[in-house]
Amino acid sequence: MKSRAVFLDRDGTINPDPGYIGDPGQFELFPGVVPALRRLSAAGFKLFLVTNQSGIGRGYLTSGDLKAVHERMNSLLAAGGVSFDGIRYCPHLPGEECSCRKPNPAMVLDLAREHGIDLKKSWFIGDKASDILCGRRAGCRTVLVGNGQDEGADFTAPDLPAAAEL
């Protein structure tokens, strides 16, 4: 039997977005993210992070910098008893010919194949139109969080804790 999952955007969804984060000391989680992720995990959802990171393509940070930022993120989550089952990122610039940059669904589809995910029973949560479109193209239900305009999302919520309630 295939698993259910929640695919999450990073910047603006689980953490504040000050711009290209290349220093682990800049990374912090929004309040309530750890309990929200724990709740989703306890409900039987696998958790995946799917993020565009064009700062690499722009030369603002390296893949090593991003790895260090994600190590910081993972340690903050682990301290609260939660972890991601997988992380994917796209380093490419907008306009580059790649299949991975959201709103293209390649990162979600790859994770679903690798982890046996039923996309029709899964969700994508993000704060931008590209997140919602990615989730829809992959066949997931979607939640737009934050102050983003409703771009055809199935649901909207002020933040991740409210989205987890859905």
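Reader: Before we get to Ile14, what does contact mean here?

Author: Contact means that heavy atoms lie within 4.5 Å. In this predicted model, and leaving aside its neighbours within four places in sequence, Ile14 is in contact with Leu8, Asp9, Phe27, Glu28, Leu29, Phe30, Val33, Leu49, Met73, Phe84 and Leu160.

Reader: OK, and where is Ile14, and is it buried or exposed?

Author: Ile14 sits in the loop between S1 and helix H1, which spans residues 33-42. The residue is buried, because its relative accessible area is 0% and buried means under 20%.

Reader: How far is Ile14 from Ile125, going by C-alpha atoms?

Author: Their C-alpha atoms are separated by 9.7 Å, although the two residues are 111 places apart along the chain.

Reader: Switching to Gln53, where is that one, and is it buried or exposed?

Author: Gln53 belongs to the loop between S2 and helix H2, the latter covering residues 54-58. With a relative accessible area of 3%, Gln53 is buried.

Reader: Which side chain does Gln53 make a polar contact with?

Author: The side chain of Gln53 is joined to that of Asp11 by a polar contact of 3.4 Å. Setting aside neighbours within four places in sequence, the residues in contact with Gln53 are Arg10, Asp11, Leu66, Tyr89, Cys90 and Pro91.

Reader: Now helix H4, which of its residues are buried?

Author: Helix H4 runs over residues 106-115, and Ala106, Met107, Val108, Leu111 and Ala112 are buried there.

Reader: Why might residues three or four places apart point the same way?

Author: An α-helix has 3.6 residues a turn, so residues at that spacing point the same way.

Reader: And what covers the buried residues of H4?

Author: The cover includes strand S1 (4-8), strand S2 (45-52), strand S3 (86-90) and strand S4 (123-126), together with helix H5 (129-138). Just after H4, Gly116 adopts a positive phi of about 65°.

Reader: Zooming out, how many helices and strands are there, and in what order do the elements run?

Author: The protein chain has six helices and six strands, and from the N terminus on the elements run β-α-β-α-α-β-α-β-α-β-β-α.

Reader: What is the radius of gyration, against that of a compact globule?

Author: The protein chain has 15 Å, which agrees with the value near 15 Å that a compact globule of 166 residues would have. Buried residues make up 45% of the 166 residues, and of the contacts between residues at least 6 apart in sequence, 60% join residues at least 24 apart.

Reader: Last one, what about charges?

Author: There are 19 positive and 20 negative side chains in the protein chain, with the centres of the two sets 7 Å apart.

How values were computed:
Residues numbered from 1 in each chain as written. Predicted model: local features only at pLDDT ≥ 70, side-chain atom pairs only at ≥ 80, totals over all residues. Heavy atoms only, no water. Buried < 20%, exposed > 50% of the residue type's maximum accessible area, 1.4 Å probe, protein only. Helix = DSSP H or I, 4+ residues; strand = E, 2+ residues; numbered from the N terminus. Rg over C-alpha atoms; globule rule 2.2 N^0.38 Å. Lys, Arg positive; Asp, Glu negative; His and termini not counted. Charge placed at Lys NZ, Arg CZ, Asp CG, Glu CD. Polar contact = N/O pair within 3.5 Å; in protein donor to acceptor, adjacent residues only side chain to side chain.
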